[in-house]
Amino acid sequence: MQQSSKPTYYSLLGLHPSASAIEIRRAYRELSKCYHPDTTSLPAALATAKFQQLNEAYATLSNPERRFSYDLKIGYLRFGVIQAPTDLNHPVSKSYDWSKSTYLDASDRPLSAGEIFALFILGLTLIGCLLLAIAIGLTRGEAAF
């Protein structure tokens, strides 16, 4: 964790550390309009100091590498969801409880509209090919089956 009482870049921008790049940019743009020395009614020294802090925060958080190292510095682990077992010599004994999952299998999910359309076209193509083969067989006088 960060040792000083200095606010984090996220708190300067009014964001949670899990904020997206778009949210970071949006917050920076709104706050920079409020604290830019040319557009604010605050004293020039205070506005300049605040605006410089916002610029520093945005410069760090908008760069993925700098943001990752800053997150490590303040103790925020973005990738803390997947954790290695404590003893790597023995496999994890707990299996996943599928009763807590919406789907029975991790790969089981509803089909998207595009996938359904592709399956529909595939089915139509299959039926069309079968009908074409039967029509050709009938026109040549041969048995279709």
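In which helix is the place of S32? In this predicted model, S32 belongs to helix 2, the element that covers residues 21-35. The relative accessibility of S32 is 13%, and because buried means under 20%, this residue counts as buried. When residues up to four places away in sequence are set aside, S32 touches F51 and L54.

From here the reader can turn to the packing of helix 3 against helix 4. Two packed helices are described by the angle between their axes and by the distance between those axes. For helix 3, which spans residues 44-61, and helix 4, which spans residues 64-74, the axes come within 6 Å and cross at roughly 105°. Since angles of 65 to 115 degrees count as roughly perpendicular, helix 3 and helix 4 are therefore roughly perpendicular to each other. On the side of helix 3 the contact is made by A59, T60 and L61, while helix 4 contributes R66, R67 and Y70. By residue class, the contact of helix 3 with helix 4 comprises 3 nonpolar, 1 polar and 2 charged residues.

Y9 and Y70 form a stacked pair, with 4.5 Å from centre to centre and 20° between the planes. Y9 lies in helix 1 (residues 9-13) and Y70 in helix 4, so this pair ties together parts that are 61 residues apart in sequence. Both Y9 and Y70 are buried.

A further pair joins Y10 to Y70: the ring centres are 6.2 Å apart and the planes stand at 45°, so the pair is tilted. This pair, too, links distant parts of the chain, with Y10 in helix 1 and Y70 in helix 4, 60 residues apart. Y10 is buried, with a relative accessible area of 1%, and Y70 counts as buried at 6% relative accessibility. Taken together, Y9, Y10 and Y70 form one aromatic cluster.

Further along the chain, the account rests partly on a database record. An unreviewed UniProt entry lists residues 116-138 under "transmembrane region". In the predicted model, the chain over residues 116-138 is 100% helix and 0% strand, and the C-alpha atoms at the ends of this stretch are 33 Å apart.

Methods: Residues numbered from 1 in each chain as written. Predicted model: local features only at pLDDT ≥ 70, side-chain atom pairs only at ≥ 80, totals over all residues. Heavy atoms only, no water. UniProt positions renumbered as here; feature names shortened; annotations may be inferred. Helix = DSSP H or I, 4+ residues; strand = E, 2+ residues; numbered from the N terminus. Axes fitted to C-alpha atoms, helices over the stretch in contact; angles between N-to-C directions. Parallel < 35°, antiparallel > 145°, perpendicular 65-115°, else oblique. Contact = heavy atoms within 4.5 Å. Nonpolar A, V, L, I, M, F, W, Y, C, P; charged D, E, K, R; others polar. Phe/Tyr/Trp six-rings, centres within 6.5 Å; stacked < 30°, edge-to-face > 60°. Buried < 20%, exposed > 50% of the residue type's maximum accessible area, 1.4 Å probe, protein only.
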